[in-house]
Amino acid sequence: MKNDLIKLYFDGAAEPNPGSGGYGFLVQQNDKTIYSFGMSLGTPTTNNQAEHFGLLHGLTWLYQNGYSNSEILVYGDSTLVLNQIFGHWNCKAEHLKFIVQMSKELVKQFRNIKSDWIASENNPADYLSRLFM
């Protein structure tokens, strides 16, 4: 049911930084994966760009698939991204301001959404972000 707790894991990576980048996100409902996605961003991509794309595309998928009234818990391993979107940090990088604003506007469309930091080694989206670099 769409009333269950939904977990969104996102990640992004670039090697070197900047370099070849990729992002991924994974959606779980009742601790079972219901959707996962990964994509290459090509070069040059920064790690922060890749992280932001992972989050934006994960949020977009949730919204487009009718989860805006569900309880959403977003997990990411980027303190910077989480605080720029859910916290009180400003985005100073000109090349990221548009995607940050898009994510912030999208977050407003969800009735109950929270975020939490997770270590990279515990983030299932880490594999997806690196798979397509």
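Buried residues make up 47% of the 133 residues in the chain of this structure, which is a predicted model. The chain holds four helices and five strands, and from the N terminus on these elements follow the order β-β-β-α-β-α-α-β-α.

**Overall form**

- A compact globule of 133 residues would have a radius of gyration near 14 Å, and because the chain has 14 Å, the two agree.
- Along its principal axes, the C-alpha trace of the chain spans about 40 × 30 × 25 Å.

**Nonpolar cores**

- In soluble globular proteins, nonpolar side chains tend to be buried together.
- The largest nonpolar core here has 24 residues, of which L8, L55, L59, L62, I72 and V74 touch the most other members.
- At least two residues of this core come from each of β1 (6-15), β2 (19-29), α1 (47-64), β4 (71-76), α2 (79-86) and α3 (97-107), and α1 gives the largest share, with five residues.
- When residues up to four places away in sequence are not counted, I72 touches I6, L62, Y67, F110, N112, I113 and K114.
- Another core, of seven residues, lies apart from the largest one, and its members include Y9, L26, L73 and L128.

**S129, a residue of helix α4**

- S129 lies in helix α4, which covers residues 125-131, and S129 counts as buried because its relative accessibility is 0%, where buried means under 20%.
- A polar atom of the S129 side chain lies 2.8 Å from the backbone oxygen of D126.
- Leaving aside neighbours within four places in sequence, S129 is in contact with D11, G12, A13, G22, Y23 and G24.

- The side chain of K97 makes a polar contact with the side chain of E94, at 2.9 Å.
- Leaving aside neighbours within four places in sequence, K97 is in contact with C91 and K92.
- K97 and A13 are 84 residues apart in sequence, and their C-alpha atoms are 19 Å apart in space.

Conventions. Residues numbered from 1 in each chain as written. Predicted model: local features only at pLDDT ≥ 70, side-chain atom pairs only at ≥ 80, totals over all residues. Heavy atoms only, no water. Buried < 20%, exposed > 50% of the residue type's maximum accessible area, 1.4 Å probe, protein only. Polar contact = N/O pair within 3.5 Å; in protein donor to acceptor, adjacent residues only side chain to side chain. Contact = heavy atoms within 4.5 Å. Core = buried A, V, L, I, M, F, W, Y, C linked by side-chain atoms within 4.5 Å. Rg over C-alpha atoms; globule rule 2.2 N^0.38 Å.
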